[in-house]
Amino acid sequence: MSGAGRFEAPDEHGDQYGDEHEGEEGREGRRDEGREGYGGAGGGSGQGPGGVDGAEPDRPPRIPTPRASVEDSGLPLPRLADLGDLAPAPLDLPHDVLKSLLGAWALAACSAAETAAVEDHLGSCGGCADEARRLREAVGLLHQPESLDLDPGLRTRVLESCLERRPPRVPVPEWAAAYDAETARLDALLQDFGDAEWHAPVRLRWFEADTPRSRRTTVAGVIAHLLSVDGLIAVALGLEDPLTDVIGAAEQHAVGPSGRTEAFWRTSHFPPTRSVRGPWREQSHSLVRTVSFTGGHAGGLAVSYGDFELPLHDALLDRAFECWVHAEDIADAVDYPYPPPAPRHLNKMIDLAARMLPAALARRRRTGLISSTHGRHLSLAGEPGRSLRLEIEGVAGGEWLIPLDSPAAVASADLEVAHVALDGVEFCRLAAGHVSPEDAAVGQVGDREAIRDVLFATAGLSRM
């Protein structure tokens, strides 16, 4: 670096202050000059040539100069053996003082001499020894080994306890509770982020046509993505579209999650920064308030995602799922732990993915990703057909029968051809495109091709 604040390196044989050749005489002269300011010429002891009382009578008494260090005097350093015993002398303290030190001793706040005195006393005083033991046990209760992070279910339990005592006048619908909880958790994670965290790199991952895809952005870019896609629900509810003031007329045609996100990133005047948190947070609050005031009447309202639609209650659950997935992406980017959602919310997310699988299988069949029906006729609407049993393990788990041949077919246990089992979080990460079908930890039995189709269809549920 260059400029006025540059540090000048020393020469090879001198110091950075320019006195490399001053010599012993020059250094001695500088020491004498320094002593002049403390009382005139002479030694550093404050005595004149005449001995102890040799100061001239017409001069005020001289202030002694600071004692010169051993290094400056040119004398050799003393040997450690000549210093004698450096251990502090033991303290002789009365009983009352030693008893008053027990609290500090239990907290390891005593000096070395006080600690030695207290511990010597404890060997001969039973009363103080009992008191010291109780204090040490109390200190142990103050220093628990558990993590300082709050239990992720604490917020839900506290709110439920409060609402049992005083029910809200306008409750949040049950189908919107997961979105409310996940946006609140992500907002809490973002609360203390500095500039470095907001610009930390994040890689978004998903599957498209059985191929892994990714997109590089930042933490702020992820929140801009959530803001853009949540805006689809805002538009369906008649609220303001967050992209109105961002994208120009040329970008108004942008539809769908990825199209809206790319338009936001492309047309923003500056890369997204921490300032995007406020609009995202306010929009999430507005969505929860609006659906709460509509009660259960708006749950079936259709929300368009461009090439497909979801009922409002499923759309909010989908947004809760994506909020959790991208919160994990952000937490990984800043190396911070982030637990899964509460089991009852996670169960609803798994149920949504399981209900979307028949349509996902049909899309794979239309696009040729399922190449053969193995000589079998596809089931007609309303008829029982071949099925796969999806077993999700864990506290948020359950079992679902997935019709394989038509979204309108009836799943049948009698026509079950395969059975797969996954952990709940593993299944969600597969549905988010964060785990490939080949790498997912899956227990499986039955028709291998049917199992493969379902696993790839699950990964195909993911999107940017």
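1. Ground rules. Residues are numbered from 1 along each chain as its sequence is written, and side-chain values use heavy atoms, with hydrogens and water left out. In this predicted model, local features need pLDDT of at least 70 and side-chain atom pairs count only at pLDDT 80 or more, while totals for chains, interfaces and linings use all residues.

2. The main core. The largest nonpolar core has 86 residues. Such a core is a set of buried Ala, Val, Leu, Ile, Met, Phe, Trp, Tyr and Cys residues joined through side-chain atoms within 4.5 Å. Buried means under 20% relative accessible area, exposed over 50%, partly exposed in between (1.4 Å probe, protein chains only). Helix α13 (residues 312–333) gives the most to this core, with 12 residues. Helices (H or I, at least four residues) and strands (E, at least two) are DSSP runs, numbered from the N terminus.

3. Contact means heavy atoms within 4.5 Å. Leaving out residues up to four places away in sequence, Ile 330 touches Leu 186, Leu 189, Leu 190, Phe 193, Val 219, Val 222 and Ile 223. Another core, of 13 residues, lies apart from the largest one; Cys 110 and Cys 128 are among its members.

4. Helix α16. This helix covers residues 448–459. Nine of its 12 residues are buried, so α16 is largely enclosed by the rest of the structure. Among the buried ones are Ile 451, Leu 455 and Phe 456, and also Asp 453. Their cover includes β1 (201–208), α14 (343–366) and β5 (384–393). At the start of α16, a side-chain oxygen of Asp 447 comes within 3.0 Å of the backbone nitrogen of Glu 449.

5. A buried aspartate. Asp 314 sits in helix α13. Its relative accessibility is 7%, so Asp 314 counts as buried. Asp 314 touches Leu 352 and Arg 355, not counting residues up to four places away in sequence. Gly 300 is 14 residues away along the chain, and the two C-alpha atoms are 8.7 Å apart.

6. Most residues other than glycine have a negative phi. Ala 209 has a positive phi of about 55 degrees. Asp 210 also has a positive phi, near 65 degrees. Ala 209 lies in the loop between β1 and β2 (211–218), and Asp 210 is found in the loop between β1 and β2. Ala 209 is exposed at 54% relative accessibility, whereas Asp 210 is partly exposed at 24%.

Terms used. Expected span 1.5 Å × (residues − 1). Polar contact = N/O pair within 3.5 Å; in protein donor to acceptor, adjacent residues only side chain to side chain.
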